[in-house]
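Hi,

Here is the structure I said I would pass on.

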Amino acid sequence: MTIKSLGNPFSEKTDLRHGADCGCDSCLSGHGHDKDHAEPAAMSSEDMLERAVESAVVRSVFGQNDLSRRSFMGMMGGGTFAAALASVFPMDKAKAAILDELGPPEKTDLNIGFVPITCATPIIMAQPMGFYERYGLNAQVIKTAGWAVARDKSLSGEYDASHMLTPMPLAMTLGAGSVAEPYIMPAVENINGQAIVLSNEHLDKRDPKQWKGFTFGVPFEYSMHNFLLRYYVAEFGLDPDVDIQIRVVPPPEMVANLRAGNLDGYLSPDPFNQRAVWEGIGFIHTLTKDIWEGHPCCAFAAPLSFAEELPNTYGALLKSIIDATQYASNAENRKEISEAISPTNYLNQPVPVIEQVLTGTFADGLGEVQKVPDRIDFDPFPWHSMGVWILTQMKRWGYIEGDIDYKAVAEQVYLAGDCKKVMADLGYEAPDVTYKSHMIMGKTFDPAEPKAYVESFPIGRA
């Protein structure tokens with residue numbers, strides 16, 4: 001699939017009187033846009049701004065007569081005209097000036113949804129700690145019961161942007177589990193930060209091969225929790241669709257369901273892993289960082305239209321989120337952050353529970369105090385290779401059907417370029433590449449061979 005982009009002003013086949021999503025008869029019949037010169041993938045917000053500058057300059061040359069522009073381009077050639085224009089007008093400098101000096105946000109009052117878990121730390125803390133205000137925004141973070149609600153309120157426009165699980169914008173863009181709507185994910189919130197918790201009734205069942213017949217909770221189908229749990233048990237020879245039962249349970253309801261015996265365990269976001277230990281009803285079987293060190297979990301996501309229609313607001317919001325994420329990545333700030341996000345209107349948890357998660361010094365429910373400083377960590381960069389891995393697991397377990405261009409979809413949704421630019425603007429280092437191999441339970445995932453990877457597993461639905 002591809003996402004429509006702004007037309008090329010140097011092509012005689014582009015009608016600049018029509019926008020990227022114009023629904024007039026001309027556009028619907030295919031005559032309003034430059035199909036021969038359409039981009040094969042989604043444009044980043046930076047690309048869209050550059051194209052907007054080009055279109056504005058070209059329009060100023062030809063005025064309102066777009067037919068004259070198209071006729072001229074046809075006779076002279078768009079490339080020749082672009083070169084001639086560049087010789088008398090500093091197009092590159094104009095683009096750079098606009099990109100570097102975005103104007104004030106078009107919209108300052110924003111609603112941002114979040115599910116009350118520690119993975120949402122940057123999005124939550126950015127309100128009480130002033131990161132949104134720093135970039136000219138009056139953003140209200142709104143507690144949301146679960147991921148289906150977060151998705152639906154985002155799709156309906158009730159939320160301008162939202163805390164989401166990293167698989168969600170991929171699924172929403174593809175129309176898996178919901179109507180298809182182009183979504184973007186320019187920043188990851190947290191890496192690591194999850195665990196498999198078992199009921200204290202199963203202290204003698206530490207070998208996953210003993211889990212046949214168990215019922216596990218995960219927070220959403222399109223979640224790293226679901227895909228990591230499936231991967232984990234399958235590596236021990238269990239078919240997650242046959243040998244265990246996996247139920248979707250909103251994170252705030254995990255502990256109550258474990259106490260009631262409705263669940264034997266769960267792979268959940270914190271603080272609900274630590275809360276089970278705090279209440280004496282469960283223990284931490286394994287941290288997900290021991291399944292995949294540095295795996296992504298939650299993210300900041302928004303409809304593509306948000307970035308297209310409100311580019312200054314989008315840029316300010318992305319700066320707020322990335323700045324807060326980088327602040328949270330500093331272990332010295334974790335106790336301060338714990339106090340900021342623990343109150344009722346945010347996580348509604350005892351401060352010591354949040355501190356155990358964020359500092360990585362925690363009771364494991366097995367009689368030991370563990371010290372794992374990166375139990376949860378914060379890194380905003382949305383690696384395309386992580387997106388490809390998530391898509392392979394959606395394919396492996398039957399969540400998407402048919403052929404899929406893993407690389408194209410990952411690059412359309414995970415806007416690594418936007419993240420890299422904002423990180424550089426804020427003085428943070430960002431990777432120079434967007435793909436890398438990942439080690440998961442001792443096996444290397446090569447993002448260049450996703451189809452072979454999916455077919456390599458003896459257990460799956462693909």
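Predicted model: local features only at pLDDT ≥ 70, side-chain atom pairs only at ≥ 80, totals over all residues.

Let me start with the core. The largest nonpolar core has 126 residues. Those with the most contacts inside it are Tyr132, Trp147, Trp211, Tyr266, Leu317, Trp389 and Met394. Domain 2 (109–191 + 296–359 + 376–456) and domain 3 (194–295) both contribute residues, so this core lies between them.

Next, the charges. Searching the whole structure turns up 19 salt bridges. A few that I looked at:

- Arg151 and Asp152 pair through their side chains at 3.0 Å, N to O. Arg151 is buried, with a relative accessible area of 15%, whereas Asp152 is partly exposed at 40%.
- Glu279 forms a salt bridge with Arg259, and their closest N and O atoms are 1.9 Å apart. This pair links distant parts of the chain, 20 residues apart: Glu279 is in the loop between helix H12 (272–278) and strand S10 (282–287), while Arg259 is in helix H11 (residues 254–260). Glu279 is partly exposed at 30% relative accessibility, and Arg259 is partly exposed too, with a relative accessible area of 48%.
- Glu455 and Lys451 meet at 2.7 Å, N to O. Both sit in helix H20 (residues 450–455), 4 residues apart, or about one turn of the helix. Glu455 and Lys451 are both exposed.
- Arg230, Asp239, Asp241 and Arg461 are linked in a network of salt bridges.

Finally, the backbone. Most residues other than glycine have a negative phi, and most peptide bonds are trans. Here are some spots that go the other way:

- The peptide bond from Asp270 to Pro271 is cis, with omega near 20°. Pro271 lies in the loop between strand S9 (265–269) and H12.
- Asn348 has a positive phi, near 55°. You'll find Asn348 in the loop between helix H15 (334–341) and helix H16 (351–359), partly exposed with a relative accessible area of 44%.
- Met441 is not a glycine either, yet has a positive phi of about 50°. Met441 is in the loop between strand S15 (438–440) and strand S16 (443–445), and is partly exposed at 26% relative accessible area.

Cheers

Definitions and conventions
Residues numbered from 1 in each chain as written. Heavy atoms only, no water. Core = buried A, V, L, I, M, F, W, Y, C linked by side-chain atoms within 4.5 Å. Buried < 20%, exposed > 50% of the residue type's maximum accessible area, 1.4 Å probe, protein only. Domains from an automatic or database assignment. Salt bridge = Lys/Arg side-chain N within 4 Å of Asp/Glu carboxyl O. Helix = DSSP H or I, 4+ residues; strand = E, 2+ residues; numbered from the N terminus.
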